[in-house]
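Subject: Structure handover and notes

Dear colleague,

Here is the structure, with notes on what was found in it. Please read the notes with the coordinates open.

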Amino acid sequence: MADRDERPSPGLAALEGEETPTFDAPWQARAFAIAVALSADGAYEWDAFQDRLAAEIEQADDSAVPADRTASEADYYRRWLAALERLLVSDGVLESGTLTERTREFAVGDRDASEWVEGEHDHDHGAAGSDAHDHGHDHSR
Amino acid sequence: MTDDSPATTDTESEPDEFDVDEHAREHDPEARVRALQSLLIEQELLSSDAVDDIIATYEHEIGPKNGARVVARAWTDPDYRDRLLAEGMSAAAEVADVDEDVVDIEVVANAPDEHHLVVCTLCSCYPWALLGLPPTWYKTPEYRSRAVKDPRGLLREEFGTDLSDDLEIRVHDSTSELRYMVLPQQPPETEGMTEDELVDHVTRDAMIGIDRLAGGQNG
C-alpha cells in the first residue's frame with residue numbers, strides 16, 4: 001500500500017490502530033461481548049439493541065472527529081454501554097435501582113470480578129463496615 | 001371505587017425510568033459493565049464464561065482473514081464466486097468458520113467501471129463475522145456521513161484512494177438485517193497464484209472499499 005504515504009492529512013486513517021483491531025480497554029470488550037452474548041442467547045433481538053445504539057449515537061453526534069484513537073474508541077463504547085443499559089432496564093430485564101446499587105458495589109470495591117471466576121472466591125469484600133456479612137457471632141443469651 | 005387518574009401511590013406507575021446519563025456521570029464504565037455482567041449471570045441470562053469466550057473469539061479468531069479467504073476462493077473459483085454473490089453467508093461458511101445464522105452478509109463485487117464502499121450510517125454495524133472488529137475510523141461521525149455525501153472526496157482525501165472519474169461509486173449502508181462486504185477485483189499481478197497465496201493479497205480495507213487493489217485509480 002505504497003500510496004498510503006501520500007495521504008495529505010492525518011485525518012481519519014490516523015485513527016487506525018493495527019490491521020486487526022482489538023479492544024482498547026477491558027470494559028469495552030466486556031460491553032461488546034455482553035451485548036453479543038445476550039442476543040445470541042435470545043434475550044433480545046439484535047435489532048432491538050441496534051436501534052438503541054443508533055439512538056445513543058444520534059443523540060450525541062457532534063460530527064467532530066475525536067482527538068485520537070483512544071478517545072474515539074472510548075466514546076463509541078460508552079454509547080454502546082448506555083444503549084445496553086437502557087435496553088435491559090426498559091425491557092424489564094434489570095431494575096434500575098438494583099443496577100445502580102450493584103454498580104456502586106463494584107465501584108467501591110464491595111464486589112469484584114472474582115465472584116464469577118470459578119474457584120476464586122475469597123469472600124474478602126465488605127471488610128470496611130459492610131453490614132451484609134453475618135460473621136457467625138453467636139448472640140446467645 | 002373508580003379512579004381514572006394514574007396511580008400515584010405505592011409503586012411507581014411509570015415503566016422503570018432509568019437516567020443513563022446520570023448513571024454514567026456517577027460511575028465509571030468498568031463498574032457499570034461489571035454490574036451488568038454480575039446481575040445477568042445471577043439471572044442466568046449469561047453464563048459466567050460467555051463474555052470471556054466472546055472476547056477471546058473476537059480478539060484472536062475472527063478477523064479479516066475470514067473475509068480474505070472468501071475473496072481468494074472467489075478469485076480462483078468462478079462457481080464459488082456466483083454462489084458468494086447470490087448467498088453471501090452460506091458461501092462464506094463453506095470456507096471460513098462462521099455462523100451462518102447470524103446477520104446476513106451481502107457481498108458486492110467491484111467491476112472495471114464500478115466501485116463499492118461499505119458504511120453504516122446509523123450505528124457502525126459491520127460484517128464482524130468476516131472482518132472482525134471494525135477499525136476506529138469506521139465508527140466516526142465523519143466517515144459515516146461523508147461516505148454517503150462525498151464518497152469520492154472521502155476516499156481521496158482521507159485514504160489516499162483516488163478513483164478515476166469514470167468509475168461509478170456505489171455506497172452500501174448496512175442495516176440491522178443486512179451487512180455488506182466488498183469483493184475486490186483480483187490485482188493482475190497475482191494471476192496464477194494459489195488460493196493460499198492470494199489470501200495475503202486481500203486487505204481489510206479493500207473489503208470495506210476504502211482501497212481498490214486493482215485498477216481504476218488516477219496517477
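B:Asp205 and B:Arg204 are both buried (under 20% relative accessible area, with exposed meaning over 50% and partly exposed in between; 1.4 Å probe, protein chains only). These two residues form a salt bridge, with the closest N and O atoms 3.0 Å apart; the term means a side-chain nitrogen of Lys or Arg within 4 Å of a carboxyl oxygen of Asp or Glu.

This is a predicted model, in which local features need pLDDT of at least 70 and side-chain atom pairs count only at pLDDT 80 or more, while totals for chains, interfaces and linings use all residues. Residues are numbered from 1 along each chain as its sequence is written, chains are lettered from A and ligands numbered from 1 in the order in which they are written, and side-chain values use heavy atoms, with hydrogens and water left out.

Chain B

Chain B has 11 helices and 4 strands, taken as DSSP runs (H or I of at least four residues for helices, E of at least two for strands) numbered from the N terminus. Of its 219 residues, 54% are buried. Counting contacts (heavy atoms within 4.5 Å) between residues at least 6 apart in sequence, 68% join residues at least 24 apart in chain B.

B:Arg34 pairs with B:Glu30 at 3.0 Å, N to O. The two lie 4 residues apart in helix H2 (residues 29–42) of chain B, so about one helical turn separates them. B:Arg34 is buried at 16% relative accessible area, whereas B:Glu30 is partly exposed at 24%.

B:Asp196 pairs with B:Arg69 at 2.8 Å, N to O. This pair joins distant parts of the chain: B:Asp196 sits in helix H10 (residues 195–199) of chain B and B:Arg69 in helix H4 (residues 64–76) of chain B, 127 residues apart. B:Asp196 is exposed at 52% relative accessibility, and B:Arg69 is partly exposed at 25%.

Cysteines

The count of disulfides over all chains is 0, where a disulfide is a pair of cysteine sulfur atoms within 2.5 Å. For B:Cys120, the closest cysteine sulfur is that of B:Cys125, 3.4 Å away and therefore too far for a bond. B:Cys120 is buried, with a relative accessible area of 1%, and B:Cys125 is likewise buried at 1%.

Chain A with chain B

The contact takes 69 residues from chain A and 65 residues from chain B. Together the chains bury about 6200 Å², 63% of it on carbon and sulfur atoms; this is the accessible area (1.4 Å probe) that two parts lose on being put together, summed over both.

Over all chains the structure holds 21 salt bridges, and 4 are counted between chain A and chain B. B:Glu42 forms a salt bridge with A:Arg102, the closest N and O atoms being 2.8 Å apart. These two residues also belong to a salt-bridge network with A:Glu105 and A:Arg111.

On the side of chain A that touches chain B, the elements giving two or more residues are helices H1 (26–40), H2 (46–60), H3 (69–90) and H4 (96–108) of chain A. The largest share, 13 residues, comes from H3(A). By class, that side has 39 nonpolar, 11 polar and 19 charged residues (Ala, Val, Leu, Ile, Met, Phe, Trp, Tyr, Cys and Pro count as nonpolar, Asp, Glu, Lys and Arg as charged, and the others, Gly among them, as polar).

Regards
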